[in-house]
Amino acid sequence: GWGGLANAFPDPLTGEWKPEWKARGQELKALLTPKEHKRASNSTTDAHFTSETVTGAVWDAVKRLGYRGGLAIELSVGSGNFIGLMPGDVAGQTRFVGIEMDSITARIAKALYPQASILESGTHRVPIPNGAFDLDIGNPPFGDTSITWQYKPEYRGLSIHNQFFMAGLDALKPGGIMAKVVTRYLLDSVDTTAREMMAMKGRLLGAIR
């Protein structure tokens with residue numbers, strides 16, 4: 001993803017790059033279509049690489065919680081680190097669906113993991129079936145922004161991070177497992193609205209700070 005690389009794109013107000021980034025930024029713009037460039041620029045705030053340390057710890061937790069295989073979904077799959085670093089003993093038993101908005105990143109995931117079903121789309125525009133998945137895993141986008149979900153108007157007003165948590169809970173079968181990288185604000189926020197909505201749909205099995 002493009003997280004942390006905001007300098008590779010021009011300032012939205014001035015249309016100019018920082019001097020030390022101008023040559024690389026112009027080269028990048030020339031390599032991408034206007035649509036790809038815009039999406040890449042928009043993703044710089046939340047499309048961050050998930051390290052093997054993090055993915056490994058999350059998969060260890062999922063296995064300890066009893067996951068042995070089934071239908072899994074990642075609502076913001078990126079280039080697919082959670083697929084590529086899936087433990088071997090569950091990889092052969094898992095069918096994986098991933099959704100990724102950035103077209104370049106989605107195409108990378110498709111090329112790396114042809115056995116998975118990778119959808120190139122914003123998750124908020126996908127009619128994700130309720131109660132269909134055994135596992136929801138991943139590193140969702142963080143931020144204070146809120147987006148409109150075409151099929152889930154009840155998510156309106158929640159932060160994008162909490163919207164992804166709600167979508168994951170809705171997608172799970174009874175007894176399914178959600179395991180996500182989380183911001184501290186999910187549990188620390190003074191506003192309890194999102195936590196109360198999640199508590200109606202799932203049971204907190206554990207959290208690591």
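**View 1. Five strands, β3-β2-β1-β4-β5, line up as an open, parallel sheet.** Strands pair here if DSSP finds at least two bridges between them, and both strands (E, at least two residues) and helices (H or I, at least four residues) are DSSP runs numbered from the N terminus. At the edges sit β3 and β5 (172–180), each pairing on one side only. From one strand to the next, the twist averages 20°. Before going on, please note that this is a predicted model, in which local features need pLDDT of at least 70, side-chain atom pairs count only at pLDDT 80 or more, and totals for chains, interfaces and linings use all residues. Residues are numbered from 1 along each chain as its sequence is written, and side-chain values use heavy atoms, with hydrogens and water left out.

**View 2. β1 meets β4 (residues 133–138) in parallel, through 2 bridges.** Look for I73, which stands opposite D136 in β4. Helix α3 packs on the sheet and touches β2, β4 and β5, contact meaning heavy atoms within 4.5 Å. The direction of α3 makes about 155° with that of β4; such angles run from 0 to 180 degrees between N-to-C directions, with axes fitted to C-alpha atoms, for helices over the stretch in contact. Helix α7 lies across β4 and β5, at about 150° to β5.

**View 3. The largest nonpolar core has 22 residues.** Such a core is a set of buried Ala, Val, Leu, Ile, Met, Phe, Trp, Tyr and Cys residues joined through side-chain atoms within 4.5 Å; buried means under 20% relative accessible area, exposed over 50% and partly exposed in between (1.4 Å probe, protein chains only). Among the residues with the most contacts inside this core are I73, I128 and F133. β1, β2 (94–100), α7 (160–171) and α9 (193–199) each supply at least two of its residues, and α7 gives the largest share, 7 residues. F133 touches, among others, L71, V97 and L172. Apart from this core lies another, of 20 residues, including V90 and F96.

**View 4. Helix α6 (residues 103–112) has a buried side.** S103, I104, T105, A106 and A109 are buried. The buried residues of α6 pack against α2 (34–42), β2 and β3 (117–120).

**View 5. R68 sits in the loop between α3 (52–64) and β1 (70–74).** R68 counts as exposed because its relative accessibility is 55%. Leaving aside residues up to four places away in sequence, R68 touches K63, V90 and Q93. A polar atom of the R68 side chain lies 2.9 Å from the backbone oxygen of K63.

Notes. A polar contact is a pair of N or O atoms within 3.5 Å; within protein, one must be able to donate a hydrogen and the other to accept it, and residues adjacent in sequence count only if both atoms are side-chain atoms.
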